[in-house]
Amino acid sequence: MRTTRHLNLVVLHDLDDARTAVEEALAQADAAEAPGLRKALTLIEAAARSDEDIKIRWARQALDRAGVAAGDTSTRGIKELRKAAPQLGLAEAVELVTLAAKH
């Protein structure tokens with residue numbers, strides 16, 4: 001499992017083990033199994049997102065739960081993110097609200 005720290009949020013990427021297992025199975029697969037395993041590997045890669053994408057998705061979900069409109073970068077949005085993640089600093093919350101509004 002790979003972790004990355006940025007904006008005081010730790011993003012966990014838990015697809016690494018699945019990807020490795022499918023790659024190992026593909027390396028030993030016969031002609032009948034290989035197409036399905038290649039498709040599984042493609043799906044895993046598509047599901048993997050960047051740290052920023054995961055943070056933006058989290059921020060948008062937290063803002064939505066709090067009833068803050070998409071694109072709202074007001075102090076209310078910042079306050080709601082900090083309420084959802086009390087360890088989040090002011091600058092970090094501002095950055096997340098801004099990122100969420102842009103995407």
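**Reading the predicted model**

Mentor: Let us begin with one residue in this predicted model: Ile78 has its place in helix α4, which covers residues 75-84.

Trainee: Is Ile78 buried or exposed, and what is its relative accessible area?

Mentor: Residues under 20% relative accessible area are counted as buried. Leaving out residues up to four places away in sequence, Ile78 touches Thr73, Leu90, Ala93, Val94 and Val97. Ile78 is buried, because its relative accessible area is 11%.

Trainee: How far apart are the C-alpha atoms of Ile78 and Val97?

Mentor: Val97 is among the residues that Ile78 touches, although 19 residues separate the two along the chain. From C-alpha to C-alpha, the separation of Ile78 and Val97 is 6.4 Å.

Trainee: Stepping back to the whole chain, which pattern does its secondary structure follow along the sequence?

Mentor: The protein chain has five helices and two strands. Read along the sequence, these elements follow the pattern β-β-α-α-α-α-α.

Trainee: What percentage of the residues in the protein chain is buried?

Mentor: The protein chain has 103 residues, and its accessible surface is about 6600 Å², with 53% of that surface belonging to carbon and sulfur atoms. Among contacts with a separation of 6 or more, 48% are accounted for by residues 24 or more positions apart. The buried residues make up 28%.

Trainee: How are α3 and α5 oriented to each other?

Mentor: Helix α3 spans residues 51-65 and helix α5 spans residues 90-102, and the two pack with their axes 9 Å apart at an angle of about 90°. Angles of 65 to 115 degrees count as roughly perpendicular. The orientation of α3 and α5 is therefore roughly perpendicular.

Trainee: Which residues of α5 make the contact with α3?

Mentor: On the α3 side, the contact is made by Glu52, Lys55, Ile56, Trp58, Ala59, Arg60 and Leu63. Taken over both helices, the residues of this contact divide into seven nonpolar, no polar and three charged. The residues that α5 brings to the contact are Leu96, Leu99 and Ala100.

Trainee: At roughly what angle do the axes of α3 and α4 cross?

Mentor: Trp58, Ala59, Ala62 and Leu63 of α3 meet Gly77, Leu81 and Ala84 of α4, and the residues of this contact divide into six nonpolar, one polar and no charged. The axes of α3 and α4 come within 9 Å, and they cross at roughly 105°. That crossing makes α3 and α4 roughly perpendicular, the angle being roughly 105°.

Trainee: Where is Arg19 found, and is it buried or exposed?

Mentor: Arg19 is found in helix α1, which runs over residues 16-28. Leaving aside neighbours within four places in sequence, Arg19 is in contact with Leu41, Ile44, Glu45 and Ala48. Because its relative accessibility is 17%, Arg19, a residue of α1, counts as buried.

Trainee: What is the distance of the polar contact between the side chains of Arg19 and Glu45?

Mentor: The side chain of Arg19 makes a polar contact of 2.9 Å with the side chain of Asp16. Another polar contact joins the side chain of Arg19 to that of Glu45, and its distance is 2.5 Å.

Trainee: Which backbone oxygen does the side chain of His103 reach?

Mentor: His103 lies in the segment after α5 and, at 46% relative accessibility, counts as partly exposed. Apart from neighbours within four places in sequence, His103 is in contact with Glu52, Ile56 and Arg60. At 2.9 Å, the side chain of His103 reaches the backbone oxygen of Leu99.

Trainee: How far apart are the C-alpha atoms of Gly71 and Ala100?

Mentor: Gly71 is found in the loop between α3 and α4, where it counts as partly exposed at 45% relative accessibility. Gly71 and Ala100 are 29 residues apart along the chain, and their C-alpha atoms are separated by 6.9 Å.

Methods
Residues are numbered from 1 along each chain as its sequence is written. This is a predicted model: local features need pLDDT of at least 70, side-chain atom pairs count only at pLDDT 80 or more; totals for chains, interfaces and linings use all residues. Side-chain values use heavy atoms; hydrogens and water are left out. Axes are lines fitted to C-alpha atoms, for helices over the stretch in contact, and angles run from 0 to 180 degrees between N-to-C directions. Helices (H or I, at least four residues) and strands (E, at least two) are DSSP runs, numbered from the N terminus. Angles under 35 degrees count as roughly parallel, over 145 as roughly antiparallel, 65 to 115 as roughly perpendicular and the rest as oblique. Contact means heavy atoms within 4.5 Å. Ala, Val, Leu, Ile, Met, Phe, Trp, Tyr, Cys and Pro count as nonpolar, Asp, Glu, Lys and Arg as charged, and the others, Gly among them, as polar. Buried means under 20% relative accessible area, exposed over 50%, partly exposed in between (1.4 Å probe, protein chains only). Accessible areas come from the Shrake-Rupley method with a 1.4 Å probe; for residues, only the protein chains shown count as cover. A polar contact is a pair of N or O atoms within 3.5 Å; within protein, one must be able to donate a hydrogen and the other to accept it, and residues adjacent in sequence count only if both atoms are side-chain atoms.
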